[in-house]
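Subject: Structure handover

Hello,

Here is the structure I said I would pass on. Please open it alongside this message.

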Amino acid sequence: MTTSREVQLAARPVGAPRDSDFNLVNLTLAAPAAGQIQVRNLYLTVDPYMRGRMNDTRSYAAPFAIGETMTGGAVGVVTHSEDASVPVGAHVLHDQGWRTHANIDARRVKVLPELPGVPLSAYLGVLGMPGLTAYAGLLRVAEFKAGDVVFVSGAAGAVGSAVGQIARLKGAARVIGSAGSADKVRHLTDTLRFDAAFNYKGGPVAEGLKAAAPDGIDVYFDNVGGEHLEAAIGSMRPHGRAAICGMISQYNATEPTPAPRNLVQIIGKQLTLRGFLVGPHYDLFDTFAQEVGGWIASGELKFDETVVEGIDGTPAAFMGLLQGQNTGKMIVKL
Ligand code: NDP
C-alpha cells in the first residue's frame, strides 16, 4: 500500500485564494490495476488557469469539486507497472498533479525522453504546455512575421518569456516586455535580450509602452488584459494583430471588469484581436519541440524556474504565482 499526500479544494475562493481554500490529506493508494501504472511525482506545475477551475462556473476547463483532489500537469517516475508499454523507472508526463502518488491508465501518460542538460521539469514549462502556448500564439494566432515590433505582457513568466525570445529568434524588429518588478525588467533586457522592458507598477501602462515603442507595435501577446490591452490597442499600428492568451489581471475579480475604453480603434486601424486556447494547437507540438529544443541546446533561448519544495508548499506556490512571486515557470519539486 502506498500513501499519497494530496491537495484538495476545501472552499471556493472569493477574490485571491487563501490557505483555508486548500486542504492537505493523506490517502491510501491501492496497487495499480491491469493497464495502469503507479507513479511517484517528481515535479508538479501550478498554472493560472487553475484559478478558474476553483470557481463554480465553467471556464474552459470544468470546475474542481469541493473535497476533490485538484489535478494538473506533473512529471513522475513509474514505480509499479501493469502495462508493458510503460516500464518501471520511466519518466512520464501526466495530469495527476497536486499529489505525491497516483495510479494512472498507461495510455494516458507520455513517456519523456531525457535531454542532456535539460531538467525534467522543463516538460511542464518551456518544453511543455506553456512553451507551446507561446509558440502557437505568436506564430500561428498572431501571425507573426519577421520585422514585426512585438509587445508581450507578463513577459517574465513562463509563457511571456518564451514569446519574447521566440519573437527575437524569428527576426522581430523590436521586442518589448512588461513585468511587475525592477528585477524582472532587468532580467528581460539583460538576460533574455528583450530590446526594452518596463515595470507596469511604476506608472500608466500606456506611458511605459509608448516610451518603449515610440513608433508603435505590430503584435501584442496578451497575458494580462485590462489596462495592458487598452495600452496595446492604443499603440497598435494599422493591421496590428493581438493574440489574446490570458487576462490574469481579472482572474481574482469579484465584479465584472471594464473593457478597454478604446475598442473603437479596432475599426479605424483594422486590427485583429484573436482569443485562443492552446489545446487545438497540439498539431504543432513536434515542430515546436524540435525548434525550441534546438534553441535551448544552443543556448539561444533561456528559461527560468522558481522552485517551491514539497507537496505542502503547493498551495503557496499557486498563490505566489498569482501574486508574481515567480520568474519563469513556477514549479513544485517533491
Ligand atoms: P506566469 O508564469 O506568467 O505567471 C503569472 C504572472 O502573472 C505572475 O508572475 C505575475 O507577474 C503576473 N501577474 C499577476 N497578476 C497580474 C496583474 N494584475 N497584472 C499584470 N500581471 C500580473 O504564468 P503563465 O506563463 O503560466 O501564464 C501566463 C498567461 O497565459 C496567463 O494569463 C494564463 O492564464 C495564460 N495561458 C493561457 C493559455 C491558453 O491556452 N490560452 C495556456 C497557458 C497560459 P508580474 O510580477 O509581472 O506581475
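Below is what was found in it, starting with how the model was treated.

The model is predicted, so local features are given only at pLDDT of at least 70 and side-chain atom pairs only at pLDDT 80 or more, while totals for chains, interfaces and linings use all residues. Residues are numbered from 1 along each chain as its sequence is written, and side-chain values use heavy atoms, with hydrogens and water left out.

Domains

The chain is assigned domain 1 (2-120 + 304-333) and domain 2 (129-279); such bounds come from an automatic or database domain assignment. The C-alpha centres of domain 1 and domain 2 are 29 Å apart. Their contact (heavy atoms within 4.5 Å) involves 16 residues from domain 1 and 13 residues from domain 2.

Core

The largest nonpolar core has 48 residues, and Leu127, Leu138, Ile166 and Val292 have the most contacts inside it. A nonpolar core here is a set of buried Ala, Val, Leu, Ile, Met, Phe, Trp, Tyr and Cys residues joined through side-chain atoms within 4.5 Å. Buried means under 20% relative accessible area, exposed over 50%, and partly exposed in between (1.4 Å probe, protein chains only). Elements that each supply at least two residues of this core include β3 (36-45), α2 (129-141), α3 (158-169) and α8 (285-298). Helices (H or I, at least four residues) and strands (E, at least two) are DSSP runs, numbered from the N terminus. With six residues, α2 gives the most to this core. At least three residues of the core come from each of domain 1 and domain 2. Beyond its neighbours within four places in sequence, Val292 is in contact with Val126, Leu127, Tyr135, Ile166 and Leu301.

Ligand

There are 26 residues around the ligand, and Lys184, Tyr200, Tyr251, Val278 and Asn326 come nearest; a residue counts as near if one of its heavy atoms lies within 4 Å. An oxygen atom of the ligand is 2.6 Å from an N or O atom in the side chain of Asn326, and for the side chain of Tyr251 the corresponding distance is 2.7 Å. A polar backbone atom of Ala158 is 2.9 Å from an oxygen atom of the ligand. On its own the ligand has 920 Å² of accessible area, of which the protein covers 92%; areas come from the Shrake-Rupley method with a 1.4 Å probe, and for residues only the protein chains shown count as cover. The shell around the ligand takes two or more residues from each of α2, α3 and α9 (314-322).

Helix α9

Because eight of its nine residues are buried, α9 is largely enclosed by the rest of the structure. Among the buried residues are Phe318, Met319 and Leu322. Their cover includes β1 (2-9), β2 (22-29), β14 (305-309) and β15 (329-333). Just after α9, Gly324 takes a positive phi of about 85°.

Two strand residues

Lys329 is in strand β15 and is buried, with a relative accessible area of 5%. Its side chain makes a polar contact with the side chain of Asp47 (3.4 Å). A polar contact is a pair of N or O atoms within 3.5 Å; within protein, one must be able to donate a hydrogen and the other to accept it, and residues adjacent in sequence count only if both atoms are side-chain atoms.

Val78 is in strand β4 and counts as buried at 2% relative accessibility.

Regards
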